[in-house]
Amino acid sequence: MRRKVAVIVDAPAAVPQDVVDRLDIGIVPLHAIVDGRDYLETEVDMDWLLGRLRQKGEVPTTSAPSIGEFLNAYEWAAERAESAISIHMTSVFSKGYGAALEARKLALEKHPGMQIEVIDSRTVEAGELPIAVEAATLAMTGASFEEVVAEAYRVRDGMCALFCFETLFFRGKGGRVFKAKPWAEAEENSGAGFKAMIEVDGSTGGTVSLVSRARAKKQLVRKMVQMATERVDGRILRGAIVHVNAAQDAACLERMLREELQCESLHVSHGRAVTAIQNGEGFVTFGFHVVD
């Protein structure tokens, strides 16, 4: 039996596979371009890619899904639901949101009775993951299109997403450093070794806002917990942690959050190929919102 709403999200949201299977979430992969070859990020062996990134040299690049790939995702949704919600990384970082809007027009020509909402998450990775999970969880209860859309926007607008880097080298090469450019230049010129933390969510307009720098990443991990404590203010937290070959840092962050805050849910997952290419090894991101 077809349900009311299907939920689709970008692969960089790194929704754990068991959650994808349980909530039947559609995943749209971005592209990783490595040494002249184009790979769907969901098909890249991460150990091989991380080894390639350590070589630096000609740094791999990424690209957004095509209109046709989004259209295929909407066809997937049409087979199983009356409507669809399509959630995408901040339009400041990627052309994917625009391509998804164009695909929506084509999908509605073929399925005029269908409803499709394309959402700019204004964030990415650990900030995007909870939006998709909350929307898909509600959709599985049989909620209406309007209810699921409202929930997705509610979570998006309450999201805080923090991003901690081992190095800004890859961010700079990918052209997504924005206001952190002086930090990236200082790192390149002096090799000072400072770790950086930024925020990207609705409060920053979906672009980079500078948060902090520190000599040691553990200081920034502690800063994430402090900021969450202040913003949650005694309420219940739902969130996610996504990392790139930084399992120890992610586990430390998770432990501190669970010890110091009321965490109703906290998904932890490893980033995919595009996240690794854009941010490098050691990257840790934490996104969270409060339960009303």
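**Entry 1: helices H3 and H4**

I looked up the handedness of the crossing of H3 and H4 and found it right-handed. I note here that the model is a predicted one. Helix H3 covers residues 67-80 and helix H4 covers residues 96-110. I read an angle of about 50° for their packing, and their axes lie 8 Å apart. Angles of 65 to 115 degrees would count as roughly perpendicular and those under 35 as roughly parallel; H3 and H4 are therefore oblique to each other.

Next I listed the residues that meet. H3 brings Ile67, Phe70, Leu71, Tyr74 and Glu75. On the H4 side I found Gly96, Ala99, Ala100, Glu102, Ala103, Arg104, Leu106, Ala107 and Lys110. I sorted the residues of this contact by type: nine are nonpolar, one is polar and four are charged.

**Entry 2: the nonpolar cores**

I then turned to the largest nonpolar core, which has 30 residues. Val9, Val15, Ile85, Ile87 and Val148 have the most contacts inside it. I checked which elements give two or more residues to this core: strands E1 (3-10), E6 (81-88) and E11 (236-243), and helices H1 (17-23), H5 (128-139) and H6 (145-157). H5 gives the most, with seven residues.

I looked at Val9 separately. Leaving out residues up to four places away in sequence, Val9 touches Val15, Ile25, Gly26, Ile27, Val28, Ile87, Glu128 and Ala132. I also found a second, separate core, this one of 29 residues. Among its members are Val124, Leu168, Val208 and Ile277.

Conventions:
Residues numbered from 1 in each chain as written. Predicted model: local features only at pLDDT ≥ 70, side-chain atom pairs only at ≥ 80, totals over all residues. Heavy atoms only, no water. Core = buried A, V, L, I, M, F, W, Y, C linked by side-chain atoms within 4.5 Å. Buried < 20%, exposed > 50% of the residue type's maximum accessible area, 1.4 Å probe, protein only. Helix = DSSP H or I, 4+ residues; strand = E, 2+ residues; numbered from the N terminus. Contact = heavy atoms within 4.5 Å. Axes fitted to C-alpha atoms, helices over the stretch in contact; angles between N-to-C directions. Parallel < 35°, antiparallel > 145°, perpendicular 65-115°, else oblique. Left-handed = near helix turned anticlockwise from the far one by under 90°. Nonpolar A, V, L, I, M, F, W, Y, C, P; charged D, E, K, R; others polar.
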